[in-house]
Amino acid sequence: MSQSSKPARAGRSRPTMRHVATLAGVGIKTVSRVMNGEPNVSSATIARVMEAAQSLDYQLDERAGNLRRADGRTRTLGLLVSSVDNPFSGTLHRAVEDAAQARGIAVFASSLDDDSQREKVAVNAFLRRRVDGLILTTISEDQSYLAPEMRHGTPMVFVDREPVGISGDTVISDNRGGAMTATEHLLNHGHHRIAYLGDRREIYTARERRGGFFDALGRAGIPTGGIPVIEDLHNEESATKAMLALLDSATPPTAVFTSQNLVTIGAIRALRSRGAHHTTALVGFDDFQLSDLLEPGVTVVAQDPQEIGRAAAERIIDRLDGDNCPARRCIVPTTLIARGTGEILPLIN
């Protein structure tokens with residue numbers, strides 16, 4: 001395993017402003033002025049200081065000095081979730097917070113909004129505040145930019161999506177297996193024309209769920225060439241439009257698999273607006289509030305964000321307590337909940 005792919009190790013000294021000053025050949029006050037963007041510093045000096053900071057993987061420490069405890073810890077964690085608008089993220093956040101609070105640890109949380117630039121800005125904000133560890137949902141194509149911080153000893157756990165470019169502790173749902181279960185459920189109820197409504201293709205979970213959908217069709221011997229696939233849906237509105245287009249097509253599907261809870265809600269709106277909610281079957285990936293109170297109730301493959309959050313918090317606390325074992329990958333099972341929409345039989349086989 002290369003150094004950049006090793007899990008975090010405690011005890012590695014973190015570069016300070018004094019180290020940067022020594023390497024750049026300037027005073028500490030000059031480094032402080034450069035790092036804080038103060039005026040009246042020559043461009044040559046700025047370049048020298050920034051080059052030294054980059055070579056040392058230095059991050060400006062924005063904490064007040066009295067926040068550092070005797071053991072060097074801040075008793076804080078940084079948590080990056082996909083979006084606070086999504087109930088999955090809210091439940092995961094609460095589970096992390098509950099586990100952390102029991103250990104006297106505060107949680108700083110931020111939304112990713114599936115924006116790679118927002119990911120890096122949020123992570124850097126956490127690091128500048130010297131959080132003790134990071135629990136991260138990521139979207140950028142490569143997380144190797146985190147390798148220097150891992151070498152400095154900051155433990156990280158990746159949730160919901162696998163990291164790329166580095167090796168780290170990961171806690172994810174059984175996305176592929178859950179999508180297979182959902183699709184097989186529709187197949188077992190006689191459906192062959194099953195549409196797929198998916199999230200953005202660059203997202204790890206979306207790719208895994210799409211793969212599980214096609215795995216199930218392949219095992220059943222269903223030709224996939226004519227299967228309607230609409231992707232890059234990321235909210236209710238886009239999913240509603242996509243579902244309406246399918247219902248209004250010459251050969252509408254008899255069933256649909258929706259790969260994300262907001263997409264599911266959008267598809268349900270479209271089905272109800274066309275009066276097709278009793279004739280077109282639907283299974284959604286991930287549960288959502290009030291799904292059991294609709295008529296018919298919504299059949300879902302439910303994730304367990306509470307368990308994902310609990311497991312992630314437990315893992316990072318173990319790291320903080322000195323666990324230096326190799327990175328672990330934890331897959332949390334999903335559960336099919338049959339409520340009605342997934343059990344609708346096709347009118348025409």
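The model is predicted: local features need pLDDT of at least 70, side-chain atom pairs count only at pLDDT 80 or more, and totals for chains, interfaces and linings use all residues. Residues are numbered from 1 along each chain as its sequence is written, and side-chain values use heavy atoms, without hydrogens and water.

Student: What makes strand 1 largely enclosed by the rest of the structure?

Tutor: Buried means under 20% relative accessible area, with exposed over 50% and partly exposed in between (1.4 Å probe, protein chains only). Six of the six residues of strand 1 (residues 76–81) are buried, so the strand is largely enclosed. The strand itself is a DSSP run (E, at least two residues; helices are H or I, at least four), numbered from the N terminus.

Student: Which residues cover each side of strand 1?

Tutor: In a regular strand, side chains alternate between the two faces of the sheet. Here Thr76, Gly78 and Leu80 are buried on one side, and Leu77, Leu79 and Val81 on the other.

Student: Why are strand 1 and strand 2 said to pair?

Tutor: Pairing requires that DSSP finds at least two bridges between two strands. Strand 1 and strand 2 (residues 106–111) have six bridges, in the parallel sense. Val81 has Ser111 as its bridge partner. Strand 3 (residues 133–136) also qualifies, with four parallel bridges to strand 1. There, Leu80 stands opposite Leu136.

Student: What is the strand order of the open sheet, and which strands are its edges?

Tutor: Six strands run 2-1-3-4-5-11, with parallel pairing. Strand 2 and strand 11 (329–332) are the edges, since each pairs on one side only. Strand 11 pairs with strand 5 (residues 169–173) over four parallel bridges; Ile172 stands opposite Ile331.

Student: What makes the β-α-β unit right-handed?

Tutor: The test is the path from the first strand over the helix to the second: with the strands pointing away from the viewer, clockwise is right-handed. Strand 1, helix 4 and strand 2 make such a right-handed unit.

Student: How do you know which residues of helix 4 and helix 11 meet?

Tutor: Contact means heavy atoms within 4.5 Å. In helix 4 (residues 87–101), the residues that meet helix 11 include Phe88, Leu92 and Val96. Their counterparts in helix 11 (residues 305–320) include Ile308, Ala313 and Ile317.

Student: At what angle do these helices pack?

Tutor: About 40 degrees, with axes 7 Å apart. Axes are lines fitted to C-alpha atoms, for helices over the stretch in contact; angles run from 0 to 180 degrees between N-to-C directions.
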